[in-house]
Amino acid sequence: LNPILTGFKPDPSIVRAGEDDYYVVNSSFAYFPGLPIFHSTDLVHWEQVGHVVDRPSQLDYDGLELSEGIFAPTIRYHDGTFYVISTMVGGGGNFLMTASDPSGPWSDPVQLSFGGIDPSMFFDDDGTVYITHNAPPPSEPQYDGHRALWIQEYDPEAQEMVGPHEVLVNGGVDISEEPIWIEAPHIFKVDGTYYLIAAEGGTGPNHSEVVFRSDSVRGPYEPYDGNPILTQRHLDSNRPNPVETAGHADFVQTPSGEWWSVFLATRPYGDGFYNTGRETFLLPVDWTDDGWPVILERNK
């Protein structure tokens with residue numbers, strides 16, 4: 001029954017720890033405590049177990065407007081440690097917190113030395129850790145909403161960014177069409193291939209999720225010719241019980257090998273209004289014969 005997390009649960013990120021423990025974290029903007037954490041053992045029934053930000057000493061909220069607070073987080077699990085990486089837009093920028101138990105306590109933030117928003121972590125098979133994020137393009141933007149996806153290595157021991165800072169995607173799937181707000185990048189490795197998913201189109205009626213893939217974590221990444229892999233922008237807004245603005249997805253794999261996606265969407269009651277805010281939805285991820293992940297085919 002969708003949504004799986006109702007009412008103001010935007011920008012979901014998901015991770016599995018162990019056999020059947022799943023955790024979701026959501027954006028919280030300038031509300032305190034911040035970054036709520038939810039737990040499930042079946043992806044259907046969820047219970048809140050805590051907050052990543054539960055001490056005033058962790059982050060400085062003073063004087064922040066609502067939209068200047070904590071933007072889209074990512075949660076990951078590796079070698080017994082949980083990681084949440086996010087952005088405090090109006091105070092300090094990008095940061096990383098860790099915990100051995102997702103219910104807390106979470107560490108004080110490690111501030112990260114790059115700009116932009118929507119950071120995500122990827123742990124490669126050789127132990128190298130990468131951070132991807134949204135930021136302005138490497139040269140002057142060509143149009144309003146022109147952004148890029150970037151990658152850089154992170155050293156967990158030194159708690160700092162190292163090595164070259166490089167562009168993965170400039171603009172979006174097809175820059176000639178002037179796509180806006182490519183953001184929320186996540187990298188996954190499946191059968192030796194690197195997949196990069198991202199939101200495109202802005203968190204509104206044109207929101208979507210797109211996918212790219214590469215033989216190398218640093219690219220070059222080719223876009224799927226069936227993009228977007230999730231959107232409702234082509235559907236009649238006057239249809240009964242509409243679900244709109246779907247995008248900003250994250251993937252998780254079950255022990256049996258199934259893939260699922262959480263993403264945000266809205267349930268407007270008319271003229272684009274939705275008092276419940278952006279909520280968290282769940283759908284299966286299917287794989288095409290030529291190896292591309294798809295949440296919903298076009299016109300679905």
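What follows is a chat about the chain as a whole and then some of its residues.

Reader: What kind of model is it, and how are things numbered?
Author: It's a predicted model, where local features need pLDDT of at least 70, side-chain atom pairs count only at pLDDT 80 or more, and totals for chains, interfaces and linings use all residues. Residues are numbered from 1 along each chain as its sequence is written, and side-chain values use heavy atoms, with hydrogens and water left out.

Reader: How many helices and strands are there?
Author: Zero helices and 21 strands. Helices (H or I, at least four residues) and strands (E, at least two) are DSSP runs, numbered from the N terminus.

Reader: And why call it as compact as a globular protein of that length?
Author: Because the radius of gyration is 18 Å, close to the 19 Å that the globule rule gives for 300 residues. That radius is taken over C-alpha atoms, and the rule is 2.2 Å times the number of residues to the power 0.38. Along the principal axes, the C-alpha atoms fill a box of roughly 45 × 45 × 40 Å.

Reader: What share of the residues is buried?
Author: Buried residues are 53% of the 300. Buried means under 20% relative accessible area, exposed over 50%, and partly exposed in between (1.4 Å probe, protein chains only).

Reader: How many positive and negative side chains?
Author: There are 14 positive and 45 negative ones, and the centres of the two sets lie 5 Å apart. Lys and Arg count as positive and Asp and Glu as negative, while His and the chain ends are not counted. Each charge is placed at NZ of Lys, CZ of Arg, CG of Asp or CD of Glu.

Reader: OK, residues now. Where's Asn134, and is it buried or exposed?
Author: Asn134 lies in strand E10 (residues 129-135). Its relative accessible area is 3%, so Asn134 counts as buried.

Reader: What does the Asn134 side chain reach?
Author: One of its polar atoms lies 2.8 Å from the backbone oxygen of Ile182. That's a polar contact: a pair of N or O atoms within 3.5 Å where, within protein, one must be able to donate a hydrogen and the other to accept it, and residues adjacent in sequence count only if both atoms are side-chain atoms. Leaving aside neighbours within four places in sequence, Asn134 is also in contact (heavy atoms within 4.5 Å) with residues including Arg147, Trp181 and Glu183.

Reader: And Asp11?
Author: Asp11 sits in the segment before strand E1 (13-17) and is buried at 6% relative accessible area. Its side chain makes a polar contact of 2.5 Å with the side chain of Ser27. Beyond four places in sequence, the contacts of Asp11 include His248, Leu264 and Arg278.

Reader: Switching to Gln48. What's it up to?
Author: Gln48 lies in strand E4 (residues 47-53) and is partly exposed, at 37% relative accessibility. The Gln48 side chain has a 3.1 Å polar contact with the side chain of His51 and reaches the backbone oxygen of Gly50 at 3.4 Å. Not counting residues up to four places away in sequence, Gln48 touches Pro36, Ile37 and Phe38.
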